[in-house]
Amino acid sequence: MRFKVGLKYIAFVLLVLVLGFLYSFSSTRNSNKIVENVIVEFESNGSNFITHSMVNKLLIQNGEGVKNQAKSVINLYNLEKAICMNPYIENSSVFLGINGTLKTIITQRTPVARMINVSNSFYIDRKGVRVPLSDTYSERVLLVSGVNNDDDVREILPLISFILDDRFLQKEIVGIEKFTNKEYQISVRSGSYKIDFGKLSNMEVKFKKLKAFYNTTFGDKTIHTYKNINVKYHNQVVCTK
C-alpha cells in the first residue's frame, strides 16, 4: 500500500518537473521569437486624423521599428505611452501574439467643436481636450469664435454638450459666438438669422422656448422674415426683422 502511494508521489513530482521544463522551454522559445508582422486597427469613431503608416512610425523600440526585433525586447507599456503622446490619439492598446504578430488598437480623439481665433485655431473633444488642426483631414463640427483660453473652453462645454445630446439641435446649430459680455449668439443651418442666446443660464428653458417658436414659424414659413431671434428674456421670444 505504501509502495503504491510512493509511486503516485514520485509520478506527481515527475509530472510537475516535466510541465515546468516544457513551460520554461516554451517561454524561452516564445520570447526569442521575432516580430514578423505588425497590425494596426482603429476603433470606429468617424475621425481620420491618423493613418496606419503614422502609427507604424510611432512603434519605435531601441531606435528602430519593432518589426524583426525579438519579442523579449519589446516593451508594450512604453509603446502605448509613446503612441498616446500623439495629440490625435485618445487611447491605445498594444498586444504581442504567440505567432510573432504585434497588434495595436487605436482610439482617435473625436472633435466636437472647432475654436476659431486669429492667433490659434484648434478642435476640442467632449472633455475639452485640445486637438490640433490637421493638414490632411478636416472634421465637420460646430464652429466657435470668441473662445480664447481654457477657462472659456470649460465655460462653453456644457452648451456644446447640450447641443450634441439633442438630435434636432445637433443638426440645426452650426456655429456659436461668444461676446466680451459673456453672452452667446448662435448660427443655424435653416436660415441666415441669428439666435441671441444670452448667458449660459437656464439653457434647457431657452432651447425649449426656441423649439416651440420653431414649431410655429416653420409651419407658416415666417421664420425667414426675421434677422434675430432673442431667447434671453423670461417666458418670451423677441424677434427683429
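Rings of Phe, Tyr and Trp count as an aromatic pair if their centres lie within 6.5 Å. By this criterion the structure, which is a predicted model, holds six aromatic pairs. In one of them, the rings of Phe49 and Tyr88 have their centres 4.8 Å apart and their planes at 10°, so the pair is stacked. Phe49 belongs to the loop between strand 1 and helix 2 (52-58), and Tyr88 to the loop between helix 3 and strand 4, so the pair ties together parts that are 39 residues apart in sequence. Phe49 counts as buried because its relative accessibility is 1%. Tyr88 also counts as buried, at 11% relative accessibility.

A second pair is formed by Phe168 and Tyr214, and this pair is edge-to-face, with 5.7 Å from centre to centre and 80° between the planes. It links distant parts of the chain, since Phe168 is in helix 5 and Tyr214 in helix 6, 46 residues apart. Phe168 is partly exposed, with a relative accessible area of 34%, whereas Tyr214 counts as buried at 2% relative accessibility. Phe49 and Tyr88 also belong to an aromatic cluster, whose other members are Tyr123 and Tyr137.

Asn86 is found between helix 3 (76-84) and strand 4. Is Asn86 buried or exposed? Asn86 has a relative accessibility of 16%, and because buried means under 20%, Asn86 counts as buried. A polar atom of the Asn86 side chain lies 2.9 Å from the backbone nitrogen of Tyr88. Leaving aside neighbours within four places in sequence, Asn86 is in contact with Ile50 and Leu58.

The strands can be taken next. The secondary structure of the protein comes to six helices and 14 strands. Strands of a sheet pair through backbone hydrogen bonds, in either the parallel or the antiparallel sense. Strand 5 (residues 101-108) pairs with strand 1 (residues 37-42) in the parallel sense, over six bridges. In this pairing Val40 stands opposite Thr104 of strand 5. Strand 5 is also joined to strand 4 (residues 89-96), here by seven bridges and with the two strands running antiparallel. Ile89 stands opposite Gln108 in strand 5. Strand 4 and strand 5 form a hairpin with four residues between the strands, and Gly100 in this hairpin takes a positive phi near 85°.

Which order do the strands take in the open sheet of nine strands? The order is 8-7-6-9-10-11-12-13-14, and the pairing is mixed. The edge strands are strand 8 (130-132) and strand 14 (238-240), each of which pairs on one side only. Direction ignored, neighbouring strands of this sheet are turned by 25° against each other on average. Within the sheet, strand 12 (residues 194-198) and strand 13 (residues 228-230) run parallel and are joined by three bridges. Asp196 stands opposite Asn230 in strand 13.

Two helices that pack on this sheet can now be placed. Helix 4 (residues 150-164) packs on the sheet and touches strand 6 (113-116), strand 7 (122-124), strand 8, strand 9 (142-145), strand 10 (173-178), strand 11 (184-188) and strand 12. The direction of helix 4 makes about 150° with that of strand 10. Helix 6 (residues 203-220) packs on the sheet as well, touching strand 10, strand 11, strand 12, strand 13 and strand 14. The direction of helix 6 makes about 155° with that of strand 12.

Asp165 has a relative accessible area of 58% and is exposed, because exposed means over 50%. The side chain of Asp165 makes a polar contact with the side chain of Arg126, at 3.2 Å.

Some totals complete the picture. Of the 241 residues of the protein, 34% count as buried. The protein exposes about 15000 Å², of which carbon and sulfur atoms supply 55%. Among contacts with a separation of 6 or more, 51% are between residues 24 or more positions apart.

Key:
Residues are numbered from 1 along each chain as its sequence is written. This is a predicted model: local features need pLDDT of at least 70, side-chain atom pairs count only at pLDDT 80 or more; totals for chains, interfaces and linings use all residues. Side-chain values use heavy atoms; hydrogens and water are left out. Two strands pair if DSSP finds at least two bridges between them. Axes are lines fitted to C-alpha atoms, for helices over the stretch in contact, and angles run from 0 to 180 degrees between N-to-C directions. Contact means heavy atoms within 4.5 Å. Buried means under 20% relative accessible area, exposed over 50%, partly exposed in between (1.4 Å probe, protein chains only). A polar contact is a pair of N or O atoms within 3.5 Å; within protein, one must be able to donate a hydrogen and the other to accept it, and residues adjacent in sequence count only if both atoms are side-chain atoms. Accessible areas come from the Shrake-Rupley method with a 1.4 Å probe; for residues, only the protein chains shown count as cover. Rings of Phe, Tyr and Trp (its six-membered ring) pair if their centres lie within 6.5 Å; planes under 30 degrees apart count as stacked, over 60 as edge-to-face and the rest as tilted.
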